[in-house]
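Subject: Structure for you to look at

Hello,

Here is the structure I promised. Please open it first, then read my notes below.

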Amino acid sequence: MSNIRINVWEVLNAGKKAKKSGELINATKNNLNTIKNTIDPQILLKNNISSRFLVLNSKLQSIKNSITRIEAVTEQNISEYEKTNRIRGEPLT
């Protein structure tokens, strides 16, 4: 039977990067909304500009949701991997 080794620390670091990406997306959404709120309402009505802001906001939220799900699955899998290694008495790699 073959052994699979996972570098838990690298996976944890990747999770931290994903979390920072999620924070960046939130900041981007906030900035986008700030910009939208500074534009005159009559201008927002022209050429569907208001709708375009909503679409951008929705896409950013979708990306954020995907990142959040990836983080959750990654954390769960790391936990299971660590648990399995403890049961086997193997060190984490």
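Lys-36 sits in helix α1, which covers residues 8-38. Keep in mind that this is a predicted model. Lys-36 is buried, yet it has no salt bridge. Asp-40 is the nearest side chain of opposite charge, and it is 13 Å away. What does Lys-36 touch, leaving out residues up to four places away in sequence? The contacts are Leu-44, Ser-50, Phe-53 and Leu-54.

Now the helix itself. Helix α1 has 31 residues, and at 1.5 Å a residue they should span 45 Å.

Which residues of α1 are buried? They are Val-8, Ala-18, Gly-22, Ile-25, Lys-29, Leu-32 and Lys-36. These buried residues pack against α2 and α3.

Next, the core. The largest nonpolar core has 7 residues: Ala-18, Ile-25, Leu-32, Leu-44, Phe-53, Leu-60 and Ile-67. Helices α1 and α3 each supply at least two residues of this core. In soluble globular proteins, nonpolar side chains tend to be buried together. Ile-25 is one of the core residues. Setting aside neighbours within four places in sequence, Ile-25 is in contact with Leu-60, Ile-63, Lys-64 and Ile-67. Leu-44 and Phe-53 also belong to the core, and both are touched by Lys-36.

Lys-17 and Asn-31 are 14 residues apart in sequence. In space they are 21 Å apart, C-alpha to C-alpha.

Last, the loop. Asn-47 lies between α2 (41-45) and α3 (49-88). Its phi is positive, about 50°, although Asn-47 is not a glycine. Asn-47 counts as exposed because its relative accessibility is 62%. Asn-48 is found in the loop between α2 and α3 as well. Asn-48 also has a positive phi, of about 60°, and is not a glycine either.

Best wishes

How values were computed. Residues numbered from 1 in each chain as written. Predicted model: local features only at pLDDT ≥ 70, side-chain atom pairs only at ≥ 80, totals over all residues. Heavy atoms only, no water. Helix = DSSP H or I, 4+ residues; strand = E, 2+ residues; numbered from the N terminus. Buried < 20%, exposed > 50% of the residue type's maximum accessible area, 1.4 Å probe, protein only. Lys, Arg positive; Asp, Glu negative; His and termini not counted. Salt bridge = Lys/Arg side-chain N within 4 Å of Asp/Glu carboxyl O. Contact = heavy atoms within 4.5 Å. Expected span 1.5 Å × (residues − 1). Core = buried A, V, L, I, M, F, W, Y, C linked by side-chain atoms within 4.5 Å.
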